[in-house]
Amino acid sequence: MTRQSSLGEYIDEYKSLPAICAKTDYADKKSVRRHNATVSRMYKIVEAIKGFGSNGVEEFSKLLDISENDVNVWVAVQILEKLSADIATEKKALEVIKQAANGNDINAYGLQMWLKQWMAKSPQ
């Protein structure tokens, strides 16, 4: 029987994962597979955080303040896609995404597309 991780353990693990994604070499299949596995793990952690209720969401949303390796961008997208957050947290998450989408690289372009889809189905 495995023991369940604590909220703090989930959040600490989550914080470490975007660094792996930041180093992805899209020309290397092994690197892309590692990236995809890492993203899957992040979504599993978010699912586990749901089990901690509003306290889990509140603690997870604190990661919106960590810009290193785009932790805040990953968190913002996953809060909006997977969690029920208060309006202030949702607004902050959207601002993080809008700011990150304001560039000219492939990640910014992907976020621009994400925002278009989000706004189309979530008029605010």
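## Basis of the description

A residue is called buried when its relative accessible area is under 20%, exposed when that area is over 50%, and partly exposed in between, using a 1.4 Å probe and protein chains only. By this criterion N72 is buried, because its relative accessible area is 12%.

The structure is a predicted model, in which local features need pLDDT of at least 70 and side-chain atom pairs count only at pLDDT 80 or more, while totals for chains, interfaces and linings use all residues. Residues are numbered from 1 along each chain as its sequence is written, and side-chain values use heavy atoms, with hydrogens and water left out.

## Overall architecture

The chain contains 6 helices and 0 strands, and its pattern along the sequence is α-α-α-α-α-α. Helices (H or I, at least four residues) and strands (E, at least two) are DSSP runs, numbered from the N terminus.

The C-alpha trace spans about 45 × 40 × 25 Å along its principal axes. The radius of gyration of the chain is 15 Å, which agrees with the value near 14 Å that a compact globule of 124 residues would have; this radius is taken over C-alpha atoms, and the globule rule is 2.2 Å times the number of residues to the power 0.38. Buried residues account for 36% of the 124 residues. Of the contacts (heavy atoms within 4.5 Å) between residues at least 6 apart in sequence, 56% join residues at least 24 apart.

Two packed helices are described by the angle between their axes and the distance between the axes. Axes are lines fitted to C-alpha atoms, for helices over the stretch in contact, and angles run from 0 to 180 degrees between N-to-C directions. Angles under 35 degrees count as roughly parallel, over 145 as roughly antiparallel, 65 to 115 as roughly perpendicular and the rest as oblique.

The axes of α2 and helix α4 (residues 71–82) come within 11 Å and cross at roughly 55 degrees; the two helices are therefore oblique to each other. From α2 the contact involves H35, V39, M42, Y43, V46, E47 and K50, and from α4 it involves W74, V77, Q78, E81 and K82. By class, this contact has 6 nonpolar, 2 polar and 4 charged residues, where Ala, Val, Leu, Ile, Met, Phe, Trp, Tyr, Cys and Pro count as nonpolar, Asp, Glu, Lys and Arg as charged, and the others, Gly among them, as polar.

## Packing of α5 against α6

Helix α5 (residues 87–100) and helix α6 (residues 106–121) have axes that come within 8 Å and cross at roughly 140 degrees, which makes α5 oblique to α6. The crossing is left-handed. The contact is formed by L94, I97, K98 and A100 of α5 with A108, L111, W114, L115, W118 and M119 of α6; its classes are 9 nonpolar, no polar and 1 charged residues.

## Individual residues

H35 lies in helix α2 (residues 29–50) and counts as buried at 10% relative accessibility. Beyond residues up to four places away in sequence, H35 touches C21, T24, Y26 and W74. R33 is also found in helix α2, but R33 is exposed, with a relative accessible area of 54%.

N72 belongs to helix α4. Its contacts, leaving aside neighbours within four places in sequence, are L63, L64, I66, S67 and V96. The C-alpha atoms of V96 and R33, 63 residues apart along the chain, are separated by 26 Å.

Definitions and conventions: A crossing is left-handed if the near helix is turned anticlockwise from the far one by less than a right angle, and right-handed if clockwise.
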